[in-house]
Each structure stands twice: as C-alpha cells, then as structure tokens.
Amino acid sequence: YQRRKARRQERRQRRMAALGTIEDIARFDRMYQCGKDCCRGVRWKTSIQAFEAELFMRTAWSCRLVESGAWHPQRRPVHFTVMERGKVRPIDAPHVDDRQVQKVHSRFVLTPCYGPAMIYDNGASMPGKGFDFSKRRLKKHLVEHYRRYGRAGGIFLMDFKGYFPNAPHAAIKARHERYIYCLLYTSPSPRD
C-alpha cells in the first residue's frame, strides 16, 4: 500500500511540475484562445461582440491580473431561469471576461490535475467526451444490464438542487491544496 501510495504521489507531483507556474498557465496565447472559445456559439449576443472586438486588450488585462494574483470575478453573474424537461432551473451565468479566466483554469489546471483520477465513464466537460460518448456508454451499460438481469430494473435520473452553492467548500479547498500545491504564488497577492 505504501509503495502504491508513493507512486501515486510521485505521478501527481510530475503532473503538477508539468503545469508550470501561474505565469506559464496564464500565458497570453492560452488566454486569447480560451477567450475565442468562449465566444463560440454565442456571437449573436451584444456582450460577446463587444468582448471579441476588444479581445486583445481584455486578454492582456486579464493576464496581468492573474499573474499578479489580483484577479477576482469582475462582475456579478447574470441570473435567469430556464425550463428544461419540465423543470424550472435558476442559472447564474458568469460574465465572458470571467469565463475566459475560468476556462484557462479548467483546461490547463483542473483537467490535467483531476482528469487521471476520474472514472472513464465521466464525460462531463472532459475533452473528447461529449454527448455521443455518454450515449454510447449508457447503451453499453444497458446492454450489460439486460444480459445479466433481463428487463427487470430501470434508470434513475436525479438532479441535486443547489449542488454547487451548497457543496462543502472547505473540503474542496483542502483537496485543491493537496493536488495543486505547486501553483502557489511566489509573492503574496495583494488581496491577502
């Protein structure tokens, strides 16, 4: 057990070292590309058109804030409700400037750190695992179930109301510190 644990820790440290520093993660080219990706599919919105018109300048500003450790969400999320599958869902959509930084963080920090620890069937926001992947996996599991148990059984769908706002943030931060310990700023941030 101790040898397996040490090997896991060594692999985790190699993944963290490969990430680099905060300056490596928040490079201008990465931030710019993530900003372009945030605009995909929603270019009809006025806020997205304004963001894309000033993408070069806004990306430079966001890079400077992230590298200095002074970045925090620029605006409050836009709150609206939608009706999906007969259920009313409240949505808090972050502003596109904030989504750009969050996309960089997700793509270049969270996915490399947590991706290897995820189960194979998890297709949520994973690169190369979209809706078709999830459909194929569901079909495979249903076929296995029917072969083993026949037609007895079913699928249980559930939606956790307020999952993210009510998640145990202290436990999540402790896990981040364990997995992402190399990304600490070399100098204290102005907000500390």
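Trainee: In which helix is Ser106 found?

Mentor: Ser106 is found in helix α6. Helices are DSSP runs of H or I with at least four residues, strands are runs of E with at least two, and both are numbered from the N terminus. The model is predicted, so local features need pLDDT of at least 70 and side-chain atom pairs count only at pLDDT 80 or more, while totals for chains, interfaces and linings use all residues. Residues are numbered from 1 along each chain as its sequence is written, and side-chain values use heavy atoms, with hydrogens and water left out.

Trainee: Is Ser106 buried or exposed, or partly exposed?

Mentor: Relative accessible area decides: buried is under 20%, exposed is over 50%, and partly exposed is in between, with a 1.4 Å probe and protein chains only. Ser106 has a relative accessible area of 31%, so Ser106 is partly exposed.

Trainee: What is in contact with Arg99, leaving aside its neighbours within four places in sequence?

Mentor: Arg99 also has its place in helix α6, and with 26% relative accessibility Arg99 counts as partly exposed. Beyond four places in sequence, Arg99 is in contact with Cys38, Val42, Ile48 and Pro94. Arg99 and Cys39 are 60 residues apart in sequence but 10.0 Å apart in space, C-alpha to C-alpha.

Trainee: How does the span of α3 agree with its number of residues?

Mentor: The expected span of a helix is 1.5 Å times one less than its number of residues. Helix α3 (residues 28-39) has twelve residues and should span 16 Å; its end C-alpha atoms are 17 Å apart, which agrees.

Trainee: Which residues of α3 are buried, and what covers them?

Mentor: An α-helix has 3.6 residues a turn, so residues three or four places apart point the same way. In α3 the buried residues are Arg30, Met31, Cys34, Gly35, Asp37, Cys38 and Cys39. The cover over these buried residues includes α2 (22-25), α4 (46-53), α5 and α6 (96-114). Just after α3, Gly41 takes a positive phi of about 85°.

Trainee: What polar contact does the side chain of Thr59 make?

Mentor: A polar contact is a pair of N or O atoms within 3.5 Å; within protein, one must be able to donate a hydrogen and the other to accept it, and residues adjacent in sequence count only if both atoms are side-chain atoms. Thr59 lies in helix α5 (residues 55-68), and its side chain makes a polar contact of 3.0 Å with the side chain of Gln100. With residues up to four places away in sequence not counted, Thr59 touches Phe28, Met31, Tyr32 and Gln100. Thr59 counts as buried because its relative accessibility is 0%.

Trainee: Which side chain is joined to that of Asp121 by a polar contact?

Mentor: The side chain of His141, at 2.8 Å. Asp121 has its place in the loop between α6 and α7, and is partly exposed because its relative accessible area is 29%. Leaving aside neighbours within four places in sequence, Asp121 is in contact with Phe133, Arg137 and His141. Phe133 is twelve residues from Asp121 in sequence and 8.6 Å away in space, C-alpha to C-alpha.

Trainee: Where does Arg85 lie?

Mentor: Arg85 lies in the loop between β1 (78-84) and β2 (87-93). Arg85 has a positive phi of about 50°, although it is not a glycine. At 78% relative accessibility, Arg85 counts as exposed.

Trainee: Which residues line the second largest pocket?

Mentor: Rolling a probe the size of a water molecule over the atoms shows where empty space is left. On a 1 Å grid over the protein atoms alone, with a 1.4 Å probe, a pocket is an open set of points with protein on both sides within 12 Å along at least five of seven lines, and lining residues have an atom within 4 Å of a point. The lining of the second largest pocket is Ala124, Leu138, Ile155, Phe156, Leu157, Met158, Asp159 and Phe160.

How values were computed. Contact means heavy atoms within 4.5 Å.
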